[in-house]
Amino acid sequence: MKVLFVGESWGVIETHIKGFDVVGLGRIELDWANDVFNAIKESGFEMVRLQSQVAQNNFPATLAELQEYDVIILSDIGSNTLLLDSEMMFKGVKKPNRLKLLVEYVKQGGGLIMFGGYLSFSGIGNKARYGMTPLAEVLPVNMLNYDDRQETPEGAVPKILLKNHPVMNDIKGEWPAHLGYNKIKAKPEAQEIAVIEGDDTFMAAMECGKGRSFAFAADCVGHWSYDMTQWDYYKTLISNIIRWTAKEI
């Protein structure tokens, strides 16, 4: 099975003041999500990674290119990165709407997963803004049209509603706490697998045309989900989500 993982990287610009001297430094964070990458690879999947700064111009631009993958994962990468190709922005070159292509990809049998984060679903300051894009049609949740972060620094533990759902296969015991999540709500036609902090959706799954989509409200890594990455069932959960979305279970 071939998985395309998109996101989970960013650049940092820092100013260091050392006495009289001021030095500007820049770096790219690439290793933040190694826990989820290792879980995917150790589950036997072939994974191709598109870092956020690469995805803007190199995300698949045709349906055929998308269909090379059984599952596509979007994690902490805003819709603008996938909509605003550099040539279109700065040279006026018309480009395919890659979110419309993702919709068609799912309807024709592809699998789509969105993990939460500051640039997932609506995101911080509504900068991710997926609820205002074509992709909203095939995601299994309804999204807010404003900042959807729910910060829970004290820790919030999800409640599993569908314990027999395939994504829960071989997972036992108490779920780890999460330090935040995106406030989303399962669509009526979706399966609401788990909730958090009352009735906010934590996991939701949906059949869409010939394909499937899955929403996970918190990070797949830290900071919101650091405890989950240390959990005995972390790799099992990630594997189950991918396999369900690819129609393997």
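Predicted model: local features only at pLDDT ≥ 70, side-chain atom pairs only at ≥ 80, totals over all residues.
Start with the largest pocket. It holds about 390 Å³ of space. Its lining is made up of 19 residues. Ser 9, Trp 10, Asp 76, Tyr 118 and Leu 119 lie nearest the centre. Two elements give two or more residues each to this lining: helix H2 (52-58) and helix H4 (79-83). H2 supplies the largest share, three residues. By residue class, the lining divides into six nonpolar, ten polar and three charged.

Next, the backbone. Glu 8 sits in the loop between strand S1 (2-7) and strand S2 (10-18). Its phi is near 60°, a positive value in a residue other than glycine. Glu 8 counts as buried because its relative accessible area, 1%, is under 20%.

Arg 129 also has a positive phi, about 50°, and is not a glycine. This residue belongs to the loop between strand S6 (111-115) and strand S7 (141-143). Arg 129 is partly exposed, with a relative accessible area of 23%.

A cis peptide bond runs from Gly 222 to His 223, with omega near 10°. His 223 lies in the loop between strand S14 (211-216) and helix H7 (226-229).

Finally, the cysteines. A disulfide is a covalent bond between the sulfur atoms of two cysteines. How many disulfides does a search of the whole structure find? The count is zero. Cys 208 is buried, with a relative accessible area of 8%. Cys 220 is buried too, at 0%.

Conventions: Residues numbered from 1 in each chain as written. Heavy atoms only, no water. Disulfide = S-S within 2.5 Å. Buried < 20%, exposed > 50% of the residue type's maximum accessible area, 1.4 Å probe, protein only. 1 Å grid on protein atoms, 1.4 Å probe; cavity = no way out; pocket = protein on both sides within 12 Å on 5 of 7 lines; lining within 4 Å. Points joined across faces, edges and corners; volume = space filled by probe spheres on them. Helix = DSSP H or I, 4+ residues; strand = E, 2+ residues; numbered from the N terminus. Nonpolar A, V, L, I, M, F, W, Y, C, P; charged D, E, K, R; others polar.
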